[in-house]
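Thanks for coming. I have one model to go through today, and I will begin with the parts to be careful about. Please have the sequence and the coordinates open.

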2 protein chains.
Amino acid sequence: MAEPATRTVERALQLLGAVCDAGAVSLAEVSRETELSASTALRLLRTLENSGFVRKDTDGEYRPGLRLVQLGAQALSHESLIHLAAPALQRLVEATGESAYLSVRGHQGTGSDHAVYLAIAEGTHSVRHASWVGRSVPLKGSSLGIVFAGKTPETGYVVSDKGVEVDVTAIAAPLRQLGAAVTAGDSAPLAAISVVAPSYRMNPAEIERIGQLVATEARALLGAGLQN
Amino acid sequence: MAEPATRTVERALQLLGAVCDAGAVSLAEVSRETELSASTALRLLRTLENSGFVRKDTDGEYRPGLRLVQLGAQALSHESLIHLAAPALQRLVEATGESAYLSVRGHQGTGSDHAVYLAIAEGTHSVRHASWVGRSVPLKGSSLGIVFAGKTPETGYVVSDKGVEVDVTAIAAPLRQLGAAVTAGDSAPLAAISVVAPSYRMNPAEIERIGQLVATEARALLGAGLQN
DNA sequence: AATTAGCGTTTCAATAAGTGAAACGCATCA
DNA sequence: TGATGCGTTTCACTTATTGAAACGCTAATT
């Protein structure tokens, strides 16, 4: 498995990723981030712009374009993972009252130390953890971080109390099924589901109950994923 | 405005679009659709695959990849249009009880005769029009088709009775604000909002009432869009 | 069985195409 | 009034993309 890759395209995709990660960036910024010469970055960004993948708004900064939103929305709806996970997330909400998330880790290179929420089921408690689809969260010190590092213990779930956010407890479990699809054969999972709750509402018994629910749903998805 | 574009990248993006439109395609199919030689298509698809924008699943077909879903989700959440439109859609639902949609037309080239739903607010009636984010709908004969053709009359809205689907009435209005952002200066709008309802529940008076609501919300979005 | 057709894949020589240093004009800042 | 940083254009160098052709394969077709 060598690298039969097209450098130009790789760079363009890299730029696209950088623009999306930043939300809005100047030419100088992206070209620094991606370590491309300004002229090259400009040329590629223009190509991306012509195709609608990025747009250059009035203040001259580059932002994700409509074409990307369109394809993303389309892919999101085609993407089996999200559809498969939705009922599981819903069940977790019903069983716990807390918010449940489906996330993937940031792809190789850009933002690989972050996770992105792909789907969300909001909890029913009036005080609940609220985030949004597309939110990028740092992995460091979070339960997702441990899950994506492939260090989930035998119990099948990971708990982080006051990891990323204070007052918040997160309980996560890995989805391994698609392992071979994108990355090479390393044991790190591609996606995870998690329940995130205010810490004051948690106690060891409740945490274990939820943990087992999350782990069970994760394993169930694993089986269902084979339909693809 | 010449064409300072990078051919390789353009082709790769074209392929990406083709894969997304199809949902799942073989190499031979995309290379035919995009009019690229098989070897070129293969090389570019591999590059896209290495970056996670497409994936090649077990049956050898190419599908939208996780990276695209991730960026799309991210962009979707950053994208002001969808956030701006959400309250408007919600208001339309509250005022009409029917489902309301935000859509953009398929981008240049691939799928330009279709529209894609970007955001949805479901109606409150038990019998209601139900679709999903990412759904691609044909423009031909639909009110969206007329709106995207730039042929919206003075009234500010377009009605199509039994256009795309039988028993369904759609009322659409254009969002023009971002006109200059992506496409050249043609008068065609980039996005539209619409209310879609079962025809049996409609009558001329109700249609006019809803039409004016939709047109009003569309114009309001136009103003708000300047914050960007 | 022999034949045809279509697919995914690899190879390779021709050359078309991407590259980045340098220079420019234009802002803003010291 | 220099100095700094930005977006942009130009251009010679040559690297990296290209597509026809050939290969092995499977699955219809004869």
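Start with residues 223-228 of chain A, where pLDDT stays under 50. For that stretch the model has eight contacts beyond four places in sequence. This is a predicted model, and where pLDDT is low, the predicted coordinates should not be read in detail.

How does chain A score on average? Its mean pLDDT is 81, and 84% of the residues reach at least 70.

Next, a pair of helices from two chains. Helix α1 of chain A, residues 7-22, packs with helix α3 of chain B, residues 38-50. The angle is about 35 degrees, and the axes are 10 Å apart. The crossing of α1(A) past α3(B) is right-handed. Which residues make the contact? From α1(A) they are Val9(A), Glu10(A) and Leu13(A), and from α3(B) they are Leu44(B), Thr47(B) and Leu48(B). By class, the residues of this contact are four nonpolar, one polar and one charged.

In chain A, Asp57(A) sits in the loop that runs between β1 (54-56) and β2 (62-64). Is Asp57(A) buried or exposed? Asp57(A) counts as buried because its relative accessibility is 8%, and the cut-off for buried is under 20%. What does its side chain touch? The side chain of Asp57(A) has a polar contact with the side chain of Arg63(A), at 2.3 Å.

Methods. Residues numbered from 1 in each chain as written. Chains lettered and ligands numbered in written order. Predicted model: local features only at pLDDT ≥ 70, side-chain atom pairs only at ≥ 80, totals over all residues. Heavy atoms only, no water. Helix = DSSP H or I, 4+ residues; strand = E, 2+ residues; numbered from the N terminus. Buried < 20%, exposed > 50% of the residue type's maximum accessible area, 1.4 Å probe, protein only. Polar contact = N/O pair within 3.5 Å; in protein donor to acceptor, adjacent residues only side chain to side chain. Axes fitted to C-alpha atoms, helices over the stretch in contact; angles between N-to-C directions. Left-handed = near helix turned anticlockwise from the far one by under 90°. Contact = heavy atoms within 4.5 Å. Nonpolar A, V, L, I, M, F, W, Y, C, P; charged D, E, K, R; others polar. pLDDT = per-residue confidence, 0-100.
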